[in-house]
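User: I'm new to this and would like to learn how to read a protein structure. Please show me one and take me through its features step by step.

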Amino acid sequence: MIAAAAWVCLLAPLVGVLAIALSGNRLSRRAAGYLATSSTAVAFAAAIVAFALTLSHAAGNRRTTTTAFSWIETHALNVKLDLFVDPLSLVMMLVVSGVGTLIVAYSIGYMDGEDEERRYFAYIAFFVFSMLLLVEAANFLVLLVGWGLVGLSSYLLIGFWQDRPSAIAAAKKAFVMNAIGDAAMVLAIFLLIQHAGTLDFVPVFANAGLLGMNTWVVNIIAASLLVGAVAKSAQIPLHTWLPDAMEGPTPVSALIHAATMVTAGVYLIVRTHPLFEQAPHVQQTVAGIGAVTLLATGAIALVQTDIKRVIAYSTMSQIGYMFLAAGIGAYGAAMFHLVTHAFFKALLFLAAGVVIHALGGEQDMRKMGGLRKRMPRTFIAMLIGAGALAGLPPLAGFFSKDAIVALAFSGGVYDKMLFAAALVGVLLTALYSFRMLFLVFSGEESKETHKQLAKHRGGEGPGWMMWPVAVLALLALVGGWLQIPGAWHLFSDFLGRGGSLAVTREWLLSAVSVAVALGGVWITWTIYSARTQKAPRAPKALVEKLYFDRAYDLLFYRPAVLLAHRLASLFEQQVIERSVEEVGTGALRGGRVAAAIQNGLARSYVLLVAAGASLVLLLFLIFR
Amino acid sequence: MLTTSLIALPLAGALAVFLLPASKEWVGSLALAVALAELGLWITGFFGKRQFDFGSAKIQFEQKHAWISDLGISYHVGLFGFSLWLVGLTVVVMTAAIAYGLWAGRERANAYYALMLFLTGAVVCVFTAQDLILFYVAYEAMMIPLYVLIGVWGGARRLQATFKFVAYTMAGSLLMFATIVVYGISHGFDLTSAQQSGSVWLFLGFAAAFTVKAPLFPLHGWLADAYRESPPEVAAVLSGVVSKVAIFGFLRIALTQFPGPTHDLRTLFLTLSAVGLVYGSLLAFRAPDVRGIVAYSSLAQMSLIGLGVFSQNELSLSGSVLQMVNHGLISTALFLLAGVIEMRTHTGALARLGGMARGRPILASLIVSIGVISLAVPGSNAFAGEFMILAGAFQRGWGWAIPGLVAMVLAAMYMLRLISAVLHRELGESVTKKAPDVRPAELCVIGALLAAMLALSVWPAAISKRSFACLDQTQTTSASSSTPAQFGLACVPSPSSTEQTR
């Protein structure tokens with residue numbers, strides 16, 4: 001039963017893709033949207049069924065593996081297409097299909113009237129399928145397949161507006177960066193084949209200790225997996241594709257580049273944590289990368305002027321928290337933040353989408369302002385989202401983020417540094433999220449805004465856009481209550497990963513971080529809403545995004561292009577091609593004779609064939 | 001006898017097509033019917049009482065008749081698991097190429113289709129020949145139609161391309177012929193009973209011919225011109241099928257008959273393959289036209305397959321056969337797509353193309369899906385093949401897999417460049433608004449190839465498990481794990497023990 005539900009959950013969106021792709025123009029644009037939404041809704045329903053059935057099993061007995069057939073098979077290696085349903089994958093299935101359904105439904109309103117709407121819905125349903133394959137995989141290779149296919153759908157959707165050179169460039173960049181991650185994961189898989197003899201999760205993790213005997217091997221495996229996770233989750237240093245990915249339609253940013261796909265790296269680390277635990281240095285690196293990323297990207301978010309890019313940088317920063325948590329072994333906390341983040345980040349993107357939609361595509365926050373009166377419901381949604389992001393009680397982010405901050409406090413010097421980073425991150429989060437909120441909604445409407453609003457009927461978006469926002473706002477409001485320190489831990493109980501602290505200390509640390517966040521909110525209020533203080537000038541390094549793009553261009557892209565050109569012009573043309581050209585010119589003279597033979601008459605070709613054959617025969621006789 | 005019928009049917013068809021006094025449409029249709037009948041004939045090998053037994057390492061559908069009995073030369077044909085797949089690839093690609101030629105309306109139809117069918121028969125004969133002389137005759141018989149097809153129906157610089165091609169392949173062929181004679185007289189011409197040889201020179205004689213034909217780095221000088229100047233369907237056959245003949249030669253002759261030299265020179269060939277893989281990928285990345293990208297990516301792919309063959313373990317060899325079929329389908333589809341683009345824009349230069357996606361959804365879908373399959377996106381058949389080859393190469397020595405991983409990233413770079421340059425951004429100067437979308441006839445051909453790729457993506461094990469039969473440890477006597485009379489690989493329970501048993 002669970003197995004059947006898992007397959008329905010996986011395949012329903014794929015059926016949707018095929019239906020949209022094969023019916024072509026016979027399907028109306030709106031119908032494509034309905035079809036995509038209902039296929040993901042079916043997936044969500046199946047995920048709920050699987051969840052309920054799994055819940056009815058005893059806590060120690062909540063794993064189901066189901067096999068379809070052998071995908072890659074030789075006599076030595078047999079990798080099956082099989083699915084694995086356990087609490088961890090169930091959490092991801094529910095988030096992916098649930099949030100996915102909401103966002104696909106929102107797209108019906110957002111993409112209305114867009115050229116090639118059908119293509120959009122086919123792509124986004126394909127994404128949901130790929131992501132479900134990723135989280136339901138029961139072995140490393142199927143996981144990698146899902147991993148690659150989400151990258152492909154991300155590429156297709158970032159580049160959805162095909163005539164925009166910036167969108168196409170961003171799509172390519174995202175794909176290539178992810179291909180680097182894929183290659184690293186392939187390396188990890190090769191090592192697993194050689195040293196574990198299997199790719200199935202259950203035996204590999206059960207024998208992780210044995211694998212750990214070979215320190216080098218397990219370290220390289222963990223490090224390669226980490227490279228894959230860093231690329232997919234846009235952590236430093238493989239993060240530069242994510243801000244550019246905002247060239248895609250806003251619902252895509254919400255679903256792929258905030259709520260689900262970019263958190264796959266966190267899922268990977270949590271899923272494979274038995275391997276990471278055998279490689280403690282790599283695991284500490286995970287936490288370190290998380291800390292560095294959450295600080296750097298949080299700081300860059302402060303100076304962004306594009307509303308979507310602020311949210312994009314905040315996504316990297318929040319995933320940095322999840323990496324930090326996974327790196328210190330707080331897997332439950334990492335996953336909980338992943339879930340609540342999916343709620344409030346999707347909410348923020350969709351609310352921003354409502355604003356962008358109403359302003360006719362304007363994304364520059366400096367040209368916004370004063371939208372609170374015209375769009376009160378969007379304002380409330382954004383307020384909830386920003387509050388949850390900043391970790392204010394009783395919103396979702398408060399419970400999930402503060403748990404990470406509190407857990408980081410325990411431990412040695414390295415952990416104390418992580419704690420400090422996490423706390424500074426709290427301040428940064430409050431600063432950039434409320435800066436965005438105040439810039440967009442408070443103050444006076446500018447003339448341009450006024451004109452745009454008048455042109456676009458003014459006010460909020462259509463119903464198809466507003467109800468998903470409302471549902472997500474509700475989730476961002478109450479989603480954190482699954483996990484209340486001292487009262488209950490429903491989420492980590494289900495996940496089977498406790499690791500909670502003494503209650504008083506957790507509340508105490510929470511109080512500190514809430515105080516920091518409120519301080520941040522107050523600062524932004526004075527600058528951007530009350531406007532009693534002038535905004536500080538943005539440091540150049542931050543505006544330049546800490547020079548990562550430029551450095552990569554100089555260090556990798558240009559040398560590669562130069563190498564390719566030099567190889568082509570100096571070696572291929574001069575050595576390889578020229579060497580025969582000499583022969584060629586000589587033959588060309590003889591070719592005049594040959595050209596006479598090629599008089600276009602079919603007879604002569606047969607003659608040629610016959611001559612060739614008799615030549616062979618002649619040689620035959622000679623050698624006989 | 002299935003094998004002989006598979007050889008004879010297209011040859012007879014070639015004669016009939018050549019003699020048919022009818023318009024080019026009718027001649028082409030007859031040729032297509034023959035090709036489809038050949039495809040049907042191949043499919044019957046899987047069904048019925050005498051279906052192919054993949055569990056057996058012995059040669060099947062075998063037929064032998066004395067030819068020049070004094071020298072022990074015979075007409076001896078038969079199929080092993082992997083050769084059955086290569087024959088299948090041949091008939092599929094040739095059918096697609098003939099169908100495309102019919103759609104493109106090639107002039108001098110009688111000669112054109114006769115040559116295409118003759119080529120089909122010759123290639124099938126190469127893949128099934130068990131006698132070295134028969135192999136050589138078929139190998140030459142395969143080259144002659146190609147020379148004519150490029151030289152007569154090719155593009156503006158076709159003569160230059162033909163001469164380069166002839167110069168390279170003739171040199172290789174002559175070397176091979178001399179080698180065959182010397183080898184055959186001392187060891188016997190029949191491959192199923194010939195003695196294995198330890199001679200490095202004889203090995204190199206074969207290897208040089210196959211290296212030219214594949215081509216592998218650095219003997220690929222003919223590749224770019226030939227692939228650019230041929231008609232698209234001939235380029236498709238050249239890279240899709242004819243290149244596989246070389247790898248087949250390595251597998252069937254070089255590795256099997258020369259286990260010692262193969263072992264001694266393995267590092268050399270692995271290095272050439274690894275270099276060619278990265279080199280081809282880099283050149284594909286800067287190639288200025290559609291066919292240039294496909295041509296150099298072909299060089300990279302053949303090098304990848306070479307890496308698999310010379311890694312010489314079960315994983316890499318099975319992966320190589322799978323990847324031969326994959327690459328055959330993919331490069332055929334890509335060259336035909338290049339033809340589709342050129343038919344509409346009269347150019348393949350990337351700088352003059354662009355913006356073709358808008359209003360041409362089928363063209364866009366085909367280019368994007370075949371493009372991402374060819375860059376081996378995880379889950380595709382090409383990924384499965386590449387994964388197996390590199391996993392096998394990794395077991396041979398971790399360093400051999402690293403160029404493959406680099407090439408994976410480079411493949412993403414050059415294929416995405418191709419896709420974007422043709423489909424995206426604003427309209428290119430050679431692209432008119434009126435240029436039509438893919439026509440139903442073109443869709444039938446390329447769509448069928450895509451369907452085959454997708455089917456293999458869902459189930460690559462169909463080929464990977466059915467290429468080499470399993471030999472018991474007791475049956476394996478030589479280092480190359482095959483005795484001449486049968487073709488199979490030593491079965492070992494898990495890859496971790498592979499290293500120790502070898």
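Analyst: Let's start in a loop. Pro218(B) sits in the loop between α7 (200-213) and α8 (223-229) of chain B. The helices are DSSP runs of H or I with at least four residues, strands are runs of E with at least two, and both are numbered from the N terminus. This is a predicted model, where local features need pLDDT of at least 70, side-chain atom pairs count only at pLDDT 80 or more, and totals for chains, interfaces and linings use all residues. Residues are numbered from 1 along each chain as its sequence is written, while chains are lettered from A and ligands numbered from 1 in the order in which they are written.

User: What kind of peptide bond joins Phe217(B) and Pro218(B)?

Analyst: Here's the general idea: most residues other than glycine have a negative phi, and most peptide bonds are trans. The bond joining Phe217(B) and Pro218(B) is cis, with omega about 0°. Chain A has a cis bond too, between Pro393(A) and Pro394(A), with omega about 5°. Pro394(A) lies in the loop between α17 and α18 (396-409) of chain A.

User: And phi? Which residues other than glycine have a positive value?

Analyst: Arg108(B) has a phi near 50°, and Ala376(B) has one near 60°. You'll find Arg108(B) in the loop between α3 (81-104) and α4 (109-128) of chain B, and Ala376(B) in the loop between α14 (361-374) and α15 (381-396) of chain B.

User: Is Ala376(B) buried or exposed?

Analyst: To decide, count the other C-beta atoms (placed from the backbone) within 10 Å of a residue's own: 20 or more is buried, 12 or fewer is exposed, and in between is partly exposed. Ala376(B) has 28, so Ala376(B) is buried. Arg108(B) has 17 such neighbours, so Arg108(B) counts as partly exposed.

User: How do I check a whole helix, say α17 of chain A? What span should its 15 residues have?

Analyst: The expected span is 1.5 Å times one less than the number of residues. For α17(A), residues 376-390, that gives 21 Å, and the end C-alpha atoms are 21 Å apart, which agrees. Eleven of the 15 residues of α17(A) are buried, among them Phe379(A), Met382(A) and Leu389(A). Just after α17(A) comes Gly391(A), with a positive phi of about 85°.

User: How many residues of α4(A) are buried?

Analyst: In α4(A), 20 of the 20 are buried, so the rest of the structure largely encloses this helix. α4(A) covers residues 117-136 and reaches 29 Å from first C-alpha to last, close to the 28 Å expected.

User: Next, pairs of helices. At what angle do α16 and α21 of chain A pack?

Analyst: Axes are lines fitted to C-alpha atoms, for helices over the stretch in contact, and angles between N-to-C directions run from 0 to 180 degrees. Helix α16 (residues 331-358) and helix α21 (residues 463-478) of chain A pack at about 150°, with axes 9 Å apart. That makes α16(A) roughly antiparallel to α21(A); the cut-offs are under 35 degrees for roughly parallel, over 145 for roughly antiparallel, 65 to 115 for roughly perpendicular, and oblique for the rest.

User: Which residues make the contact between α16(A) and α21(A)?

Analyst: Two residues are in contact if their C-beta atoms, placed from the backbone, lie within 7 Å. From α16(A) they include Phe343(A), Leu347(A) and Val354(A), and from α21(A) they include Met465(A), Pro468(A) and Leu472(A). By class, the contact has 14 nonpolar, no polar and no charged residues. Ala, Val, Leu, Ile, Met, Phe, Trp, Tyr, Cys and Pro count as nonpolar, Asp, Glu, Lys and Arg as charged, and the others, Gly among them, as polar.

User: How about a pair in chain B, α13 and α17? How far apart are their axes?

Analyst: The axes of α13 (residues 314-345) and α17 (residues 440-458) of chain B are 10 Å apart, at an angle of about 155°. That makes α13(B) roughly antiparallel to α17(B). The contact takes in Asn326(B) of α13(B) and Glu442(B) of α17(B), among others. The classes come to 13 nonpolar, two polar and one charged.

User: Last one: how many residues does each chain give to the contact between chains A and B?

Analyst: Chain A gives 59 residues and chain B gives 67. On the side of chain A, the elements giving two or more residues are β1 (64-73), α5 (140-158), α6 (165-196), α25 (548-597) and α26 (602-623). That side divides into 36 nonpolar, 16 polar and seven charged residues.
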